[in-house]
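Visitor: I have the sequence and the fold up on my screen and would like a walk-through. Can we take it one question at a time?

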Amino acid sequence: MKTLLNVVVLLLASTLGLALGWSMLDLPVAAVRLPEQVTAQLDMSGVAHPVTAVLLNFRGYDTLLEIAVLLAALLGMLVLPRHVAGRENRPVPASTMLQTLARLLVPLMVLVAGYVLWAGAYQPGGAFQAGAVLAGAGVLLHLAGLLPAWVTLGQTLRAGLAVGLLVFIAVGAAVMAQGTLLQYPPDWAGALILAIEANLTLSIGLILAGLYLVLTNSGERA
Amino acid sequence: MSAALVYALTGAALFVFGVAGLMLQPHLLRKILAFNVMGSGVFLVLVGLGQRAGIPDPVPQAMVLTGIVVAIAATALALALARQLLDLQGEMRLPEEELDKDRLDV
């Protein structure tokens, strides 16, 4: 019975694969040339890199919803009942080597995050990459035993988690007075995008690190 | 065949591996991994087909960047739920037999 199921699933999967591959080989040329539209509008966007322009300006609401999804995922993890007892709150002691390395690397990682955020305006980079570097620093600190897992979240931490989404919504609401949602005035676009991205970086870094630091705490059995 | 198509076809293959893994592997951790493989396949298809014309298209690239972050968040939530199931049931798999029995009773 089990073997039969395997054979059926594998047959169906290979049929799906062949159909997908065939349809891709047969795909007509796109009717709308998006890259040219982006290039044509790039001067209005406030940044010089097309991907950042799409993320934060042309399709800003995608990014707005994305940070909302991130926050919702972390909140979802926080409402699950967790084992909160004694030992797991304290970081596990790690080797001196790892601790020293983490102490040396984390300031550099914060610096790199700041650079990646700034560079996003004119080359690959931006809030998400910078936030990922920040989150990596947080995970490294936890693994080195320098940062405890999250059990209860204080006011400052909660504010940090939410500030990206709140600033994004505030900017969106503020520019709505003169047009549609998240349509920045061209003169202000660069500054508004930088303000949004700086706050996004902080929130994304904290949320991504939190996904790890909440999960790592909840698993250790009391 | 252009390099862009090779990426897209590889993405389609990854997606299919993910689908098969999702259906065949009973362990939830493997299902979550298979789901991630599916997602990576979709990202590769989007980026690959986006540069068919020779120049990379920033719109699918931005969509993939968004998708990667959402996939991380969804994976973390799925892991937390799977761990909750492990705590409640003692194993990381969906209770298939009981479901079948319920269906028979009805």
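Visitor: Let's start inside: which residues have the most contacts inside the largest nonpolar core?

Guide: Keep in mind that this is a predicted model. The largest nonpolar core has 73 residues, and helix α8 (residues 189-218) of chain A gives the most to this core, with 13 of them. The ones with the most contacts inside the core are Leu70(A), Ile207(A) and Leu211(A).

Visitor: Take Leu211(A), then. Leaving aside neighbours within four places in sequence, what is Leu211(A) in contact with?

Guide: Look on both chains here. From chain A, Leu211(A) is in contact with Ala73(A), Leu74(A) and Met77(A). From chain B, the partners of Leu211(A) are Ala73(B) and Ala76(B).

Visitor: Which residues of α4(A) are buried?

Guide: Helix α4 covers residues 60-79 of chain A, and its 20 residues reach 29 Å from first C-alpha to last, close to the expected 28 Å. Buried here calls for 20 or more other C-beta atoms within 10 Å of the residue's own. The residues of α4(A) that pass are Gly60(A), Thr63(A), Leu64(A), Glu66(A), Ile67(A), Leu70(A), Leu71(A), Ala73(A), Leu74(A) and Met77(A).

Visitor: Over to chain B. How many helices and strands does chain B have?

Guide: Reading from the N terminus, the elements of chain B run α-α-α-α. That gives chain B four helices and zero strands.

Visitor: Last one, on the contact between the chains: which element gives the most to the side of chain B that touches chain A?

Guide: The contact takes 31 residues from chain B and 32 residues from chain A. On the chain B side, they divide into 26 nonpolar, three polar and two charged. The elements giving two or more residues to that side are α1 (3-24) and α3 (58-89) of chain B. With 17 residues, the one that gives the most is α3(B).

Conventions: Residues are numbered from 1 along each chain as its sequence is written. Chains are lettered from A and ligands numbered from 1 in the order in which they are written. This is a predicted model: local features need pLDDT of at least 70, side-chain atom pairs count only at pLDDT 80 or more; totals for chains, interfaces and linings use all residues. Two residues are in contact if their C-beta atoms, placed from the backbone, lie within 7 Å. Ala, Val, Leu, Ile, Met, Phe, Trp, Tyr, Cys and Pro count as nonpolar, Asp, Glu, Lys and Arg as charged, and the others, Gly among them, as polar. A nonpolar core is a set of buried Ala, Val, Leu, Ile, Met, Phe, Trp, Tyr and Cys residues joined through C-beta atoms within 7 Å. A residue is buried if 20 or more other C-beta atoms lie within 10 Å of its own, exposed if 12 or fewer, and partly exposed in between; C-beta atoms are placed from the backbone. The expected span of a helix is 1.5 Å times one less than its number of residues.
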